[in-house]
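The following dialogue shows how a few geometric features are read from a model. Please keep the structure in view while reading.

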Amino acid sequence: MNRERRTFLTYSALSLAGLASQWAALEPDRLTTALGGRRIDDELVDWLEDTSTKLNALPTEQRQHTIKLMDAHLTTVTDLLEGARYSETTGRRLHHLAASLSSTCGWHRFDQGQHYAAGKLWNAALTNAHTARDRDLGAGVLSDFAYQSIWLGRPGSAVEPLSQARIHTKHPAGRSLLHLRRARAHAALGSAAYCHRDLAAAETALLTDAADPAPGWCRWMSTADLAVDSGQCLLDLGLTDEARARIDEGLTLLPRARDKTRGVFRTYEARSLLQAREVEQALVVSTESLDLATRIGADRCVTLVRELAPAFKPYRGVDGVPEFLERLRTA
């Protein structure tokens, strides 16, 4: 276990389930006006929100170069919250913006394999969402914590927080995402019945019409995500043929702009090909995924490809496999 995984496990005295229960039980405190500083007007907050939207709208490959801007933007908002004067309404907007920025910056740390730093930022996001009285956004942050637990091989820690988050999520896209992530946890635990139940619920929710747009934390949720993550669940449950069909479906539907997600999905595809002993095609897909992860600077995705090495080792006699294994060793 590497240092980042160890520090994540010791990040908080509270377990993830305890954090979820605490978050669900608390009532938001009323905002207070800071004693010092000048009063913030709506025009400044409009600009801060607009800038955040533009930074988040950048393609994945560009966002790796702008994370310092996002960090600086978060620092500015945090400084205003701590040192400026503002109305309660403006304060809620600033706390909501701080929650959104903290969540995004946390995801960047997560992609770099900096799990302790990601946890700190997501904890800040949860606190700000709570103060802004946005339970829906808080549910999204809690689900990020849960996803991190699944990623780090602790799916049992994710089930209860995802259940708590589901209670406070109003939009169908959010409910679909939470059911899908809980299905991933159940699949990793080998709980096939619970997994299939959540997959069905995720599909039903995603197909439900909504009067309002999905909130930012789940706006990207799509049929492509549902298909590929369903395929990963089926892989974990040993249903290789069904898994490959769902993963292929999802990759076909995924927009080209979502490079990081494509890299993750292609790794799932490679795993399914290796389970089917289609080594040559798995090598092609794994190489493409590694190239993509390297280009966009996503260390987490590079690690995901590297974890395929044990499955490739029995096939050292296949052309290209020894060279690929060496590349994984030094990646």
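Q: Where is R277 placed in the chain?
A: R277 sits in the loop between α13 (259-275) and α14 (279-295). Helices here are DSSP runs of H or I with at least four residues, strands are E runs of at least two, and both are numbered from the N terminus. The model is a predicted one, in which local features need pLDDT of at least 70, side-chain atom pairs count only at pLDDT 80 or more, and totals for chains, interfaces and linings use all residues. Residues are numbered from 1 along each chain as its sequence is written, and side-chain values use heavy atoms, with hydrogens and water left out.

Q: What is to be noted about the phi of R277?
A: Most residues other than glycine have a negative phi. R277 is not a glycine, yet its phi is positive, at about 65 degrees. R133, likewise not a glycine, has a positive phi of about 60 degrees. The loop that holds R133 is the one between α6 and α7.

Q: How do the axes of α13 and α14 lie to each other?
A: Axes are lines fitted to C-alpha atoms, for helices over the stretch in contact, and angles run from 0 to 180 degrees between N-to-C directions. The axes of α13 and α14 come within 8 Å and cross at roughly 160 degrees. Angles under 35 degrees count as roughly parallel, over 145 as roughly antiparallel, 65 to 115 as roughly perpendicular, and the rest as oblique. The two helices α13 and α14 are therefore roughly antiparallel. The crossing of α13 past α14 is left-handed, a term used if the near helix is turned anticlockwise from the far one by less than a right angle, with right-handed used if clockwise.

Q: At what angle do α8 and α9 pack?
A: Helix α8 (residues 159-167) packs on helix α9 (residues 172-188) at about 165 degrees, and their axes are 9 Å apart. These helices, α8 and α9, are therefore roughly antiparallel, and α8 passes α9 in a left-handed crossing. Among the residues in contact are V159, L162 and R166 of α8 and R175, L178 and H186 of α9. The contact of α8 with α9 comprises five nonpolar, three polar and four charged residues.

Q: How many aromatic pairs does a search of the whole structure find?
A: A pair of aromatic rings is described by the distance of the centres and the angle of the planes. Rings of Phe, Tyr and Trp (its six-membered ring) pair if their centres lie within 6.5 Å; planes under 30 degrees apart count as stacked, over 60 as edge-to-face and the rest as tilted. The search of the whole structure finds 10 aromatic pairs. For F110 and W122, the ring centres are 5.8 Å apart and the planes are at 65 degrees, so the pair is edge-to-face. F110 belongs to helix α5 (residues 88-111) and W122 to helix α6 (residues 115-131), 12 residues apart.

Q: Are F110 and Y147 buried or exposed, and what is the geometry of their rings?
A: F110 is buried, with a relative accessible area of 0%. The ring centres of F110 and Y147 are 6.1 Å apart and their planes are at 90 degrees, so this pair is edge-to-face. Y147 is also buried, with a relative accessible area of 13%. Ring pairs join W107, F110, W122, F145, Y147 and W151 into a cluster.

Notes: Contact means heavy atoms within 4.5 Å. Ala, Val, Leu, Ile, Met, Phe, Trp, Tyr, Cys and Pro count as nonpolar, Asp, Glu, Lys and Arg as charged, and the others, Gly among them, as polar. Buried means under 20% relative accessible area, exposed over 50%, partly exposed in between (1.4 Å probe, protein chains only).
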